[in-house]
Amino acid sequence: MAFINLQNVTYKYPLTKTPVLQNINLQVNEGEFIAVVGPNGAGKSTLCYTLAGFVPHFFKGEISGSVEVAGRESSKSTLDEWVRNVGLAFQNPFNQISGAKYTVFEEIAFGLENNGVPREEIKPRVEEALSLTDISDLADRSPYSLSGGQQQRVALTSILVMRPKLLVLDEPTSQMDPIGTREVFGVVRKMAEGGMTVVMVEHKMEWIAQFADRVIALQDGKILLEGKPNELLTSDLLSENGFGISRYTSTAREAKKQGLWKSEKLPVTLDEAAEGFKP
Amino acid sequence: MHERLSYYVKRDSALHRLNPLTKIILALSIVLVSIVSPWYWTAHILLLLVIVPLSFAGRVSREYFTSAIRLILPAAGFIFLMQAFFQPIGNTVIFKYLFLDVTQESLSFAFRISTRIAVMISAFTLFLLTTHPSELMSDLTRRGLPPQFAYVIISTLQILPQMQAKAQTIIAAQRSRGLDTESTFFKRAGSVVPLVGPLVFGSLVEVEERAIAIEARGFTSKSIKTSLHEIPDSLSDKIIRWVLILLVLLSIALKIWLS
Ligand SMILES: Nc1ncnc2c1ncn2[C@@H]1O[C@H](COP(=O)(O)OP(=O)(O)OP(=O)(O)O)[C@@H](O)[C@H]1O
Ligand SMILES: [Mg+2]
């Protein structure tokens, strides 16, 4: 049975007139790395909140259909049970800092303390997580003194340290430079290889193409397309519907019109583009 | 943004090693005794012979004296002037200004009250300087204070300086769009209105996101919380707490007995 199983999920915030998610059906296997793309307002964040249990346990409103993760039904669980299996990091890193901790090290330990992990275990787990995301050198800094990209790494680390079964990331690299972004994708891939299921909202197509197993394209609260990164991300439907596409795809598409791109398949990444342009 | 947004100074000292609750009780007892004690010089003695030595014992004397000059002295000075001029007691006039008399009695009363204020602020300054905010939170929740309640206290201590920084940013941004914040008071009062929206509404959205973020990290989890740092709570802590409570009770008893 699928690890994530969404059946006909429709959801409306208390203040919205039309549903923000409409008839979403989605099955994800354990250890799969799913990327979610879509224009602003498509409902990506709302989908993340739904997977992480905050819809409907935190945001009220009307939900129908069923949300199942690891064999449990969201509406039949409490939020604090749910978050033990599902970790969520979102876009604005500043608001994810607990505000109760003095150093990055303590900030990352916060979730473990809350869940009653014994003291002897907390330190090694925090150290391991810090080195995983390569921020051991920030351990003694105040979380507020960091740059946006560094804060995003801290936010991601504070979730990873809790070893969730399902990791939900809503634009976790929005403030990172290309090197940071690459590293985050690498870490996430590694977690998926280790059996963690990942759902990640991202706009950076070239990285999605290299690291994700499957892409979901969301528009107006519906799943427009779903498929392998290389097929989906070069689809004409995406660019026609106002999705961002990789600059390599758009370059090659232009080149194709002028007969400079020979291959049938369009590229998403730099490597694919370089390969295709070889004489 | 600067590195130090909470008041805590990380050092190793006798005061740092006390249990957070012991330090709260210490600060409260100093304040209570200075208020309740019937003896005129109690607050002065407490300030010079308890607070100042404690700041050395806590190895935070430099930070303490800095805040004494920036905060405690102005606050106490203000109270002193108000009381000296407006307290309508006594008739040994020393000094007259328009219709205001400064009498020997009002002067001595003002000196006493302002020193009490200084003691009060000093005691809590020392407490904040030497107490790790998250240790305080862990210790209080371990003793049964609801975590939500503890969180409000701790995060307020940390978030206030951020709100100040943010207000500055918003003012700078609005000013660059032509907002007048520098001319006369009334003009300024009117032009402050556009700042309220972003500050308050921005904060509400932030509060919601922050609530989600800490909830996602098990903040309301039913398990018994643990803590990264071992929180000291030795036998001497317990003894100190009881002695302090006894001292407070004694000074209350003395006050009642003498009146
Ligand atoms: N708390 C809320 N209350 C009411 N409506 C909301 C709330 N949050 C989001 N919405 C609405 O739901 C719709 C989908 O929002 P959502 O944040 O899920 O989009 P998104 O795909 O994440 O967009 P973005 O790319 O801008 O992050 C939008 O029309 C938005 O206005
Ligand atoms: Mg979003």
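**Cavities**

In this predicted model, six cavities of 30 Å³ or more are found. The second largest cavity has a volume of about 80 Å³. Three elements of chain B each give two or more residues to the lining of this second largest cavity: helix H1 (20-36), helix H2 (42-57) and helix H4 (104-130).

The lining of the second largest cavity consists of B:Leu15, B:Lys23, B:Leu26, B:Ala27, B:Ile30, B:Ile51, B:Leu54, B:Ala123, B:Leu126, B:Phe127 and B:Thr130. By class, nine of the lining residues of the second largest cavity are nonpolar, one is polar and one is charged.

**Interface of chain B and chain A**

The size of an interface is often given as the accessible area lost when the parts come together. Between chain B and chain A the buried area is about 3,700 Å², and carbon and sulfur atoms give 54% of that area. In terms of residues, 41 of chain B are in contact with 44 of chain A.

Polar contacts across the interface of chain B and chain A number 20 residue pairs, with both residues at pLDDT 80 or more. On the side of chain B that touches chain A, the elements giving two or more residues are helix H5 (133-142), helix H6 (147-176) and helix H7 (185-216) of chain B. H7(B) provides the largest share of that side, 10 residues. The residues of chain B's side divide into 15 nonpolar, 14 polar and 12 charged.

**Salt bridges**

Over all chains, a search of the whole structure finds 21 salt bridges. Across the interface of chain B and chain A there are three salt bridges.

One salt bridge joins the side chains of A:Asp80 and B:Lys222, with an N to O distance of 3.1 Å. Another salt bridge pairs B:Glu230 with A:Arg119, where the closest N and O atoms are 3.9 Å apart. This pair crosses between chains: B:Glu230 lies in the loop between H7 and helix H8 (235-258) of chain B, while A:Arg119 is in helix H5 (residues 119-132) of chain A. The pair B:Glu230 and A:Arg119 counts as a salt bridge because its 3.9 Å separation is within the 4 Å cut-off.

**Backbone geometry in chain A**

A:Val55 and A:Pro56 are joined by a cis peptide bond, with omega about 5°. A:Pro56 is placed in helix H2 (residues 54-57) of chain A.

A:Asn8 has a phi near 50°, which is a positive value in a residue other than glycine. The position of A:Asn8 is in strand E1 (residues 4-12) of chain A.

Conventions. Residues numbered from 1 in each chain as written. Chains lettered and ligands numbered in written order. Predicted model: local features only at pLDDT ≥ 70, side-chain atom pairs only at ≥ 80, totals over all residues. Heavy atoms only, no water. 1 Å grid on protein atoms, 1.4 Å probe; cavity = no way out; pocket = protein on both sides within 12 Å on 5 of 7 lines; lining within 4 Å. Points joined across faces, edges and corners; volume = space filled by probe spheres on them. Helix = DSSP H or I, 4+ residues; strand = E, 2+ residues; numbered from the N terminus. Nonpolar A, V, L, I, M, F, W, Y, C, P; charged D, E, K, R; others polar. Contact = heavy atoms within 4.5 Å. Buried area = accessible area lost by both parts, 1.4 Å probe. Polar contact = N/O pair within 3.5 Å; in protein donor to acceptor, adjacent residues only side chain to side chain.
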